Amino acid sequence: MHARDAILVTGWFSFLHGEATAGDVLALARVEQVLREAGLAYDVVWSPGFRADGTHFDDVDPAAYSRLVFVCGPLHGPQVEEVHRRFAHCVRIAVGVSVVDPDSPAVTGFHRVLARDAAGTGPGVDLAARAPALPAVPVVGVVLTHGQHEYAGRRRHAEVAAGLTRWLAGRDCARLELETRLDAHDWRLCGTPAQLEAVLARLDLVVTDRLHGLVLALRAGVPVLAVDPVEGGAKVTAQARACGWPALVAAERLTGESAEGVLEDWWHWCLTDGRAQAARIGAGFRAADPVPDPADGLVAALRAAADGGRENGGAGAVPAPPPGSARRGGRGRA
């Protein structure tokens, strides 16, 4: 590429203290599409805080470019003005931008402004709207706990949360942090179980170290990558066995060299074969002859307690469920 025709593409996604939004990056993709179709070569400048391995302003020799394209966002502020100073020899064009103050040096420094909105002109469709189609990625709910102090020295919650979130950051997926805690006053939290279930039912996968993260996802028919955050296993392990759900990782497995491989294997299984298995388990919870749970023995226990109370002053023992009841409709219980 020769300096007489070299093009540099920049925007707020290029600045060290700028902001790379999804809309800005999609607007860039639309501009790249136009340039490629026209057979025009170009380079893109990225913020080192967003793409450490990209081309940054510190790497760029302004003399290597003759034209500059500024994409999306508001034409305002010292960072945009600095672009004009540093690339004063270039023909500078802004495209898909907002013009707040037409007399600002950030605006007047451009030779041409193809605005999406500006005073005195009709608005144009934002560049992100016509960006190229995107690949599908899984939507993953993340349900973690940092509590459960009753497990004392067996707690590995901090290590589990750190390991999982670090690993998830490298996955190509849409992550959605969720809470099982309900709150009728905090808009960020669900106020009813139905609201949370509505979210879970729309996910492709749930990653959790919580018992109810596991159970509620399976109830919604959604596969779960579960990690038991208690050394040696505790209620998450027990519940996975009770539900017949295999995608379970022990806390100890997240500290070894094989941790990433174990998570990768279960991730792949959950998004393939695990979908059908989760759907079957969820349907089993709602079946006419459902999987038994402890409430099945509650009435008998209450009656036994009442009889014992009349006979022994309230000290009656609670009998175990009838033989075989724990196996009726069971799913791989151990």
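At its relative accessibility, does Cys270 count as buried or exposed?

Reply: Cys270 counts as buried, because its relative accessibility is 0%. Buried means under 20% relative accessible area, exposed means over 50%, and partly exposed lies in between, with a 1.4 Å probe and protein chains only. This is a predicted model, in which local features need pLDDT of at least 70 and side-chain atom pairs count only at pLDDT 80 or more, while totals for chains, interfaces and linings use all residues. Residues are numbered from 1 along each chain as its sequence is written, and side-chain values use heavy atoms, with hydrogens and water left out.

The sulfur of Cys270 may be considered next. The closest cysteine sulfur is in Cys173, 13 Å away, which is too far for a bond. A disulfide is defined as a pair of cysteine sulfur atoms within 2.5 Å. Cys243 is also buried, with a relative accessible area of 4%. The cysteine sulfur closest to that of Cys243 is in Cys270, at 14 Å, again too far for a bond. By this rule the count of disulfides comes to 0.

Helices (H or I, at least four residues) and strands (E, at least two) are DSSP runs, numbered from the N terminus. Helix 9 covers residues 273–286, and its buried residues are Gly274, Ala278, Ile281, Gly282 and Gly284. Seen down the axis of helix 9, these buried residues fall within an arc of 155°, so they line one face of the helix. The arc is that of the directions from the helix axis to the C-beta atoms. The buried residues of helix 9 pack against helix 6 (211–219), helix 7 (235–243) and helix 8 (259–270). Contact, here and below, means heavy atoms within 4.5 Å.

Strands of a sheet pair through backbone hydrogen bonds, either parallel or antiparallel. Two strands count as paired if DSSP finds at least two bridges between them. In this model, 5 strands form an open sheet in the order 2-1-3-4-5, with parallel pairing. Strand 2 (43–44) and strand 5 (112–118) stand at the edges, each with a single partner strand, so one side of each has no neighbour in the sheet.

Let us follow the pairs across the sheet. Strand 1 and strand 2 run parallel and are joined by 2 bridges; Val9 stands opposite Val44 in strand 2. Strand 1 (residues 7–11) is also joined to strand 3 by 5 bridges, and this pair is parallel. Here Gly11 has Val71 of strand 3 as its bridge partner. Strand 3 (residues 67–71) is largely enclosed by the rest of the structure, because 4 of its 5 residues are buried.

Strand 3 is joined in turn to strand 4 (residues 91–99) by 5 bridges, with the two strands running parallel. Leu68 has Arg92 in strand 4 as its bridge partner. Between these strands the chain passes through helix 2 (residues 78–86), and this β-α-β crossover is right-handed. The term means that, with the strands pointing away from the viewer, the path from the first strand over the helix to the second runs clockwise. Cys72 is found in the loop between strand 3 and helix 2. Although it is not a glycine, Cys72 has a positive phi of about 65°, and it counts as buried at 2% relative accessibility.

Strand 4 is largely enclosed by the rest of the structure, because 7 of its 9 residues are buried. Strand 4 and strand 5 run parallel, joined by 6 bridges, and Val99 has Ala118 of strand 5 as its bridge partner. Ser98 also belongs to strand 4 and is buried, with a relative accessible area of 11%. Leaving aside neighbours within four places in sequence, Ser98 is in contact with Gly73, Pro74, Leu75, Arg116 and Asp117. The side chains of Ser98 and Arg116 make a polar contact at 3.0 Å. A polar contact is a pair of N or O atoms within 3.5 Å; within protein, one must be able to donate a hydrogen and the other to accept it, and residues adjacent in sequence count only if both atoms are side-chain atoms.
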